[in-house]
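Subject: Handing over the structure

Dear colleague,

I am passing on the structure that we spoke about, and below it you will find an account of what came out of going through it. Please read the notes with the structure open beside you.

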Amino acid sequence: MLHKYWRNFPWYIQFLQFLLLVAVMASFISFIIGPMIVNKMNVSFDDIKTLSANSSTNAIAGGMVLQFFSALGIFLTPALLFAYFTHPRPLHYLGIRKPANLLHLFVPACIMI
C-alpha cells in the first residue's frame, strides 16, 4: 500500500487512511508526549485536569504546552502527512505557495498574537 500515492485509492480508503493517521498521532501524543511534558514540567495529570485561576504557574504552563503539542499532533501533523502520502508535490496539493510580499506573513502573525 505504501509503494504508490494514496490518491490512487478510492475516496473511502483515503478517508480511512486519514482517520488512522489521526488515531495514531493522537495515541502518540497521549501515551508518549503527554507523560514527557508532565515529567519535564514537574506536575501531575491531576493538576492539569483541574486547572483553575488558583493553579500553580507550573500547572498552567504544563497545560498550555500539552495543549500546544496536542493541537499540533492531532490537527496539523496528520494533514501534512496525508498530503505527503497523497501527492508527489504536497505543498501544491494543499494550495500553499510562496507569498508575493513578506507582509502577507507578518499580518497573520500579528492577528494571531
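**How α1 and α3 pack**

In this model, which is predicted, helices α1 and α3 pack with their axes 9 Å apart and at an angle of about 155 degrees. Because angles over 145 degrees count as roughly antiparallel, α1 is described as roughly antiparallel to α3. The crossing in which α1 passes α3 is right-handed. Sorted by class, the residues in the contact of α1 with α3 are 18 nonpolar and seven polar, with no charged residues. As background, a pair of packed helices is described by two quantities, the angle between the axes and the distance between them.

If residues up to four places away in sequence are not counted, glycine 34 touches Ile29, Phe45 and Leu66. Its C-alpha lies 9.5 Å from that of valine 65, although glycine 34 and valine 65 are 31 residues apart in sequence.

Glutamine 14 is also placed in helix α1, and at 15% relative accessibility glutamine 14 counts as buried. The residues that glutamine 14 touches, again not counting those up to four places away in sequence, are Trp6, Arg7, Asn8, Phe9 and Phe82.

Leucine 72 is found in helix α3, where a relative accessibility of 31% makes leucine 72 partly exposed.

With residues up to four places away in sequence not counted, tyrosine 84 touches Tyr5 and Pro90. From C-alpha to C-alpha, tyrosine 84 and arginine 97 are 15 Å apart in space, and they are 13 residues apart in sequence.

For context, most residues other than glycine have a negative phi. Asparagine 42 lies in the loop between α1, which covers residues 11–41, and α2, which covers residues 45–49. With 64% relative accessibility, asparagine 42 counts as exposed.

Serine 55 belongs to the loop between α2 and α3, the latter covering residues 57–86. Is serine 55 buried or exposed? Its relative accessible area is 16%, and serine 55 is therefore buried, the limit being under 20%. A polar atom of the side chain of serine 55 lies 2.8 Å from the backbone nitrogen of serine 52. Leaving aside neighbours within four places in sequence, serine 55 is in contact with Thr50 and Ile60.

Technical notes: Residues numbered from 1 in each chain as written. Predicted model: local features only at pLDDT ≥ 70, side-chain atom pairs only at ≥ 80, totals over all residues. Heavy atoms only, no water. Helix = DSSP H or I, 4+ residues; strand = E, 2+ residues; numbered from the N terminus. Buried < 20%, exposed > 50% of the residue type's maximum accessible area, 1.4 Å probe, protein only. Polar contact = N/O pair within 3.5 Å; in protein donor to acceptor, adjacent residues only side chain to side chain. Contact = heavy atoms within 4.5 Å. Axes fitted to C-alpha atoms, helices over the stretch in contact; angles between N-to-C directions. Parallel < 35°, antiparallel > 145°, perpendicular 65-115°, else oblique. Left-handed = near helix turned anticlockwise from the far one by under 90°. Nonpolar A, V, L, I, M, F, W, Y, C, P; charged D, E, K, R; others polar.
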